[in-house]
Amino acid sequence: MDTKIGSLDTCRPTSNDMINPTNGAVSAIQSSVSPTLINASESTLGRHLARRLVQIGVTDVFSVPGDFNLTLLDDLIAEPELNLIGCCNELNAGYAADGYARSRGVGACVVTFTVGGLSVLNAIAGAYSENLPVICIVGGPNSNDYGTSRILHHTIGLPDFSQELRCFQTVTCFQAVVNNLEDAHELIDTAISTALKESKPVYISVSCNLSAIPHPTFSREPVPFSLTPKLSNKMGLEAAVEAAAAFLNKAVKPVLVGGPKLRSAHAGEAFVELADACGYALAIMPSAKGLVPEHHPHFIGTYWGAVSTAFCAEIVESADAYLFAGPIFNDYSSVGYSLLLKKEKAIIVQPDRVVIANGPAFGCILMKDFLKALAKRLKCNTTAYDNYHRIFVPEGQPLKSAPKEPLRVNVLFQHIQKMLSSDTAVIAETGDSWFNCLKLKLPRGCGYEFQMQYGSIGWSVGATLGYAQAVPEKRVLAFIGDGSFQVTVQDVSTMLRCGQNTIIFLINNGGYTIEVEIHDGPYNVIKNWNYTGLVDAIHNGEGKCWTAKVFCEEDLIEAIETATGPKKDSLCFIEVIVHKDDTSKELLEWGSRVSAANSRPPNPQ
């Protein structure tokens, strides 16, 4: 059965298995089309694109104006259900679309040709690495300039307009260059449908002189087109389930581990269904935090090798069988390739493929189909969880702070834990925030996002903007290091313009601490800023903003009480001053292992 996308009465439908992500996205489906005719002024390419965005659940588009996209921006503004959000730079607009897609299921940004496109490219690459459908729209050159030898501004001075396109080809799953009206409808629809099917970014370039021109293909409400759902090979699925069930049912203490591709496979519910049925101990990889409910009765924590949460690695690595659903094993997630796992004990389930130990591999099998079918074939076995429960010792509490003692990071996160609820979401920046936030216990419904595969420093500022815009009912808590904040601080301005009430915890420890623990040098020390003063200057009396500088636990308690009380409707910026060497023990261990992996000598030639 095809899934159809078309005109909607609302931009936020309730469900869509085809394009609805694990953590509650919004995307649009419709099985019928309205024959409503559109007047000529609205039957333009730009208005068609705007309506398509609304139909798939995008109600906010992040943009930076440039002369090649200005007319297109007019068309987007004219769409009553679309909100155009101007960002301070293209990189942050891309990061915002990334954050938006994590919550809403799809995001979009609009920039100008080449000078804007190459600026947003880094953010689109990050979205590609994290399997996020982001629609990257570029205002392109005048259609009459294609095929000429003219040299245009915003380019590198060559009469070849394809530089931007070639750059995007490696970080998007489809590229559409719209430089005539005849096939514009088809190209735009194909690009959007491909992004949704592949859960990857796409690139759409629209010639600057075409957006406002009416055309017969846009004279009606957009005609529905079909997203043909991927289907599992039934015989292959049965064979894979039979082999996996035989493998796991003979194991003494098997475990389940969830990975980050649960999101793109839309298999989170199926994974929990499997966990409920089999009774195995349930862990997550670090980049999957937030995709699996941590209140599950058999949840044992985050598996990250030597830096796992307490007693989790011991249970996973001592198991005689483990099923990994949607894992990514890179040098970071494997802690410098130091995981104590054995291939012959593992079942690896990817979005469309299952590999069982050293034995057979099965293709054309959807992860969620496999997990649901497997749940019906496994014997209940709680041995691994029983062992975990037997050896588990609750975490100790940080040493009590002396009056006015300089604040320690472990004390900070003890108080952060108390702030979390179903009405909050956590955004963790690359750095020690990864390790401190991973130790937080997420209550039911609490969102959590970080960018582990790409690890772009500064990602969280734009991502916080986008995520908060997508779910205004949640209060976002963002944890950002001072080094990362210096990269992308500008779009705190946009948060204020949008009236967001995010709480930003700026952890000021004087540099790039995560780099220090991998390999130290003077380049890891940065110029200290008056961060609260900077945010106050950005605020400039427009919008609701409150700032505080915290030096000790007493300051922190007071700041949190204010941010969650009298200033709950304001953007709150809390600068936390900590010692430059105050890092989590996990970062110390992880940094030394990653450093060892980076420092391996060349193999003999």
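Q: What is a salt bridge?
A: A salt bridge is a side-chain nitrogen of Lys or Arg within 4 Å of a carboxyl oxygen of Asp or Glu. Side chains of opposite charge can pair when their charged atoms come close. Take a case from this model, which is predicted. Arginine 150 and aspartate 145 meet through their side chains in a salt bridge, at 2.7 Å from N to O.

Q: Are arginine 150 and aspartate 145 buried or partly exposed?
A: Buried means under 20% relative accessible area, and exposed means over 50%. Partly exposed lies in between. Arginine 150 has 46% relative accessibility, so it counts as partly exposed. Aspartate 145 has a relative accessible area of 11%, so it is buried.

Q: How many salt bridges does a search of the whole structure find?
A: The search finds 15 salt bridges. One of them joins aspartate 189 to arginine 52, at 2.7 Å from N to O. Aspartate 189 lies in helix α6 (residues 184–198), while arginine 52 lies in helix α1 (residues 45–55). The pair therefore ties together parts that are 137 residues apart in sequence.

Q: Are aspartate 189 and arginine 52 buried or exposed?
A: Aspartate 189 is buried, because its relative accessible area is 6%. Arginine 52 also counts as buried, at 1% relative accessibility.

Q: Which residue forms a salt bridge with arginine 408?
A: The partner is glutamate 405. The closest N and O atoms of this pair are 3.0 Å apart. Arginine 408 is buried, with a relative accessible area of 17%. Glutamate 405 is partly exposed, with a relative accessible area of 24%.

Q: Which residues do salt bridges with shared partners join into one network?
A: The network holds Asp98, Arg102, Glu130, Arg263 and Glu449. Look at one link in it. Arginine 102 forms a salt bridge with glutamate 449, with the closest N and O atoms 2.8 Å apart.

Q: Into which domains is the protein chain divided?
A: Domain 1 covers 45–218, domain 2 covers 234–391 and domain 3 covers 409–591. Now compare positions. The C-alpha centres of domain 1 and domain 3 lie 30 Å apart.

Q: How much area do domain 1 and domain 3 bury between them?
A: The size of an interface is often given as the accessible area lost when the parts come together. Here domain 1 and domain 3 bury about 1800 Å² between them. Of that area, 55% is on carbon and sulfur atoms. Asn92, Tyr95 and Arg102 supply 29% of the area that domain 1 buries against domain 3, more than any other three residues.

Q: How many residues of domain 1 are in contact with domain 3?
A: On the domain 1 side, 23 residues are in contact with 25 residues of domain 3. The count of salt bridges between domain 1 and domain 3 is one. For polar contacts, the count is 14 residue pairs, both at pLDDT 80 or more.

Q: Which elements give two or more residues to the side of domain 1 that touches domain 3?
A: They are β2, β3 (83–86), α3 (90–104) and α4 (117–129). The largest share, ten residues, comes from α3. By type, the residues on this side of domain 1 divide into nine nonpolar, nine polar and five charged.

Q: Where is asparagine 69 found?
A: Asparagine 69 sits in the loop between β2 (60–63) and α2 (70–78). Relative accessibility is 0%, so asparagine 69 counts as buried. The side chain of asparagine 69 reaches the backbone oxygen of valine 111 at 3.2 Å. Leave aside neighbours within four places in sequence. Asparagine 69 is then in contact with Val64, Val110, Val111, Thr112 and Gly139.

Q: Which residues have a positive phi without being glycine?
A: Asparagine 131 is one of them, with a phi of about 60°. Asparagine 131 is in the loop between α4 and β5 (134–140). Its relative accessible area is 12%, so asparagine 131 is buried. Tyrosine 337 also has a positive phi, near 60°. The loop between β12 (322–325) and β13 (346–350) holds tyrosine 337.

Q: Which residues of helix α12 are buried?
A: In α12 (residues 409–419), the buried residues are Val409, Val411, Leu412, Phe413, His415, Ile416 and Met419. What covers them includes β16 (424–428), α13 (432–438), β18 (475–481), β19 (503–508), α19 (553–564) and β21 (571–577).

Note on methods: Residues numbered from 1 in each chain as written. Predicted model: local features only at pLDDT ≥ 70, side-chain atom pairs only at ≥ 80, totals over all residues. Heavy atoms only, no water. Helix = DSSP H or I, 4+ residues; strand = E, 2+ residues; numbered from the N terminus. Buried < 20%, exposed > 50% of the residue type's maximum accessible area, 1.4 Å probe, protein only. Polar contact = N/O pair within 3.5 Å; in protein donor to acceptor, adjacent residues only side chain to side chain. Contact = heavy atoms within 4.5 Å. Domains from an automatic or database assignment. Buried area = accessible area lost by both parts, 1.4 Å probe. Nonpolar A, V, L, I, M, F, W, Y, C, P; charged D, E, K, R; others polar.
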